Amino acid sequence: MSYFVFNEDSPIIDLPDGKTHRRIMAHNDSLMAVEVIFDKGGVGTPHTHPHTQATYCLEGEFEFTVGDETKTIKKGDSLIMPSGILHGCRVLSDSGVVLDIFTPERKDFLN
């Protein structure tokens, strides 16, 4: 196992909506980093999963809903989604990028 994951070795995966894209970054069984790129109009459809998730905004502005709380975040802001809580987002700017950290690893992203 290598401890390093280089950007040029991690392809960008287009998600079904065509406006959201994912790059799997460093990960192991217990932790995963994922870059998510949103084009104008991109949406993270509300969903739940058993993983705990932290999100850090790298670029742009987003409206995030976690449970029954909705807030706008921008570059430098972060949030956490506990296991099993309904959450989703939409990009408010022309584009945006977030870094999602999951524990444990999202094995469903590796298929």
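The model is a predicted one. In it, 6 strands make up an open sheet, ordered β1-β2-β3-β10-β5-β8, with antiparallel pairing. At the edges are β1 (12-14) and β8, each of which pairs on one side only. On average, and ignoring direction, neighbouring strands of this sheet are turned by 25° against each other.

## Strands β5 and β8

Strand β5 (residues 52-59) pairs with β8 in the antiparallel sense, over 4 bridges.

In strand β8 (residues 78-81), L79 and M81 belong to the covered face, whereas S78 and I80 belong to the uncovered one.

## Strands β3 and β10

Strand β3 (residues 31-39) and strand β10 (residues 95-103) run antiparallel and are joined by 8 bridges. Opposite D39 stands S95 in β10.

## Residue A33

A33 is part of strand β3. Its relative accessible area is 13%, and A33 therefore counts as buried, the cut-off being under 20%.

Apart from neighbours within four places in sequence, A33 is in contact with R23, I24, M25 and A26, and also with L99, D100 and I101. L58 lies 25 residues from A33 along the chain, and the C-alpha atoms of the two are separated by 13 Å.

Methods. Residues numbered from 1 in each chain as written. Predicted model: local features only at pLDDT ≥ 70, side-chain atom pairs only at ≥ 80, totals over all residues. Heavy atoms only, no water. Buried < 20%, exposed > 50% of the residue type's maximum accessible area, 1.4 Å probe, protein only. Helix = DSSP H or I, 4+ residues; strand = E, 2+ residues; numbered from the N terminus. Pairing = 2+ DSSP bridges. Axes fitted to C-alpha atoms, helices over the stretch in contact; angles between N-to-C directions. Contact = heavy atoms within 4.5 Å.
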